[in-house]
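Good morning, and thank you for coming. Please look at the model on the screen while I go through a few of its local features.

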Amino acid sequence: MFILRKNEKYIKLFINTCMRQLKYSYRIYPNKEQEAKLNQFCGAQRFIWNHFLCLEMEQYKLDGTFRFSHKNITSLPKMKNMENLLWLKDIPSTSLQQTLLYLDKALKHSFRKTSSKKGFPKFKKKKYYQGSFSLAMVNDKMIIGSHIKLPKIGKVKIKLHRKLPSDFKSCQVKQKANKWFIVFTVKVNKHKTVNKIQKVIGLDFNSKDIVVNSNDCSTTNPKFFVKSKQRIKKLNRQLSKKQKGSNNYKKQSLKLAQNHVHVANQRKDFLDKLSYDIVSNNDLICLEDLNIKPMQSFNGRMVQDAGWSMLRSMIEYKADLYGKHVSVINQYFPSTKLCSACGTIVNKSLRQRQHNCNCGLCISRDLNAAINIKNEGIKVFINNKVGTTLIYACGDTKGDDKTPSPVSMNQEAHVALANG
Ligand SMILES: [Zn+2]
């Protein structure tokens, strides 16, 4: 039994190293009757989450422990037979169970120090035109032609705009404004890892330009939210004047939700293209480990609008998928202060956008930071990975056959370091 479990662990590890989880999203077109049912399912998911979160909190107050999913799931059938909860019988049982598993995860994450999702789980609020529920134990047999068979609902029209891999076990049905989507969690084979690194890039994030890379190319922050801020503000003001629950309130919430979805879609599309461009054109990507929270309190919406953390996670997962490398440097590394040519520390205020050093280097502050991040990233990468050859670190610099700039001199030093 133990050996079998150990093997299972290795098989899982093997799958994780050569496969990657991706999400495939498709639009579905439910009719009015089906839409009402979908809304009911979302409501049930919210009810189950809030009900069991309340129970967990009470239990914790009593003896400092949690009930966790096993105890909760076994109490579901009893709940369904209670007089005031008979409506739960109309909800797919895998959806309810899945909600409890997510609650489990959220509770466990809140106590983990290294978790990215910090904080105790919150109660879910009712929001119009926003909702989701998950389904487990699904397979590709549920798709029949241009329709998808959902439990307790039946056939719903789906637009399969791209081929769906058959290897999926769970999915999530989501509402975004007045549109419904189904998102499948699919396992995809990773590309072969690139062993010969030819192109290296260093990226510096700042609020004015979303990314400045070490080739002196910058991508300006399109500020999607700032552009539609006035419209969203106006819609929010109008919503506050409507009576909650009235038809006008619902109509207004739809308008607001549509605007938010539009901004989110714009940002996601932009970052997806940018991250794909960065990953496909480079073999090693050097980034700075940024602490976004304090920057947000300082620079507010600008930071949020730039979507740095979203861009970073996109770069990381795409690099993993396409066999490229990411090197993350310490957040306390003085990338802005350090001179990329001579290595002295040059103090500057936030307003100073130019880097002027006594050695004669005079470049933009962000470009200097990007070059520093690249150089440090290469060092970190070499220390961590043995067996990967760095062929020509400055292969991506423009005009590298001209007089050697301080930058390429630095890079040559690193190539020597790689060979030695
Ligand atoms: Zn200098």
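Methionine 137 sits in the loop between β2 and β3 (143-144); helices (H or I, at least four residues) and strands (E, at least two) are DSSP runs, numbered from the N terminus. This is a predicted model, in which local features need pLDDT of at least 70, side-chain atom pairs count only at pLDDT 80 or more, and totals for chains, interfaces and linings use all residues. Residues are numbered from 1 along each chain as its sequence is written.

The phi of methionine 137 is near 55°, a positive value in a residue other than glycine. Most residues other than glycine have a negative phi. Is methionine 137 buried or exposed? It counts as exposed because it has 12 C-beta neighbours inside 10 Å. By definition, a residue is buried if 20 or more other C-beta atoms lie within 10 Å of its own, exposed if 12 or fewer, and partly exposed in between, with C-beta atoms placed from the backbone.

Lysine 152, in the loop between β4 (147-150) and β5 (154-159), also is not a glycine and has a positive phi of about 65°. Lysine 152 has 13 other C-beta atoms within 10 Å, so it is partly exposed.

Let us turn to the helices. Helix α8 (residues 247-281) has 35 residues, which should span 51 Å at 1.5 Å a residue, and its end C-alpha atoms are 51 Å apart, which agrees. The expected span is 1.5 Å times one less than the number of residues. Among the buried residues of α8 are Leu271, Ser275, Ile278 and Val279. An α-helix has 3.6 residues a turn, so residues three or four places apart point the same way. The buried residues of α8 pack against several elements, including β2, β9 (200-204) and α11 (308-321); two residues are in contact if their C-beta atoms, placed from the backbone, lie within 7 Å.

Finally, the sheet. Which order do its strands follow? The open sheet of five strands runs β11-β10-β9-β12-β13, with mixed pairing. Its edge strands, β11 (217-220) and β13 (325-329), each pair on one side only. Two strands pair if DSSP finds at least two bridges between them. From one strand to the next, the twist averages 20°. Strand β10 (residues 209-213) runs antiparallel to β9, and two bridges join them. Leucine 203 has asparagine 213, in β10, as its bridge partner.

Technical notes:
Axes are lines fitted to C-alpha atoms, for helices over the stretch in contact, and angles run from 0 to 180 degrees between N-to-C directions.
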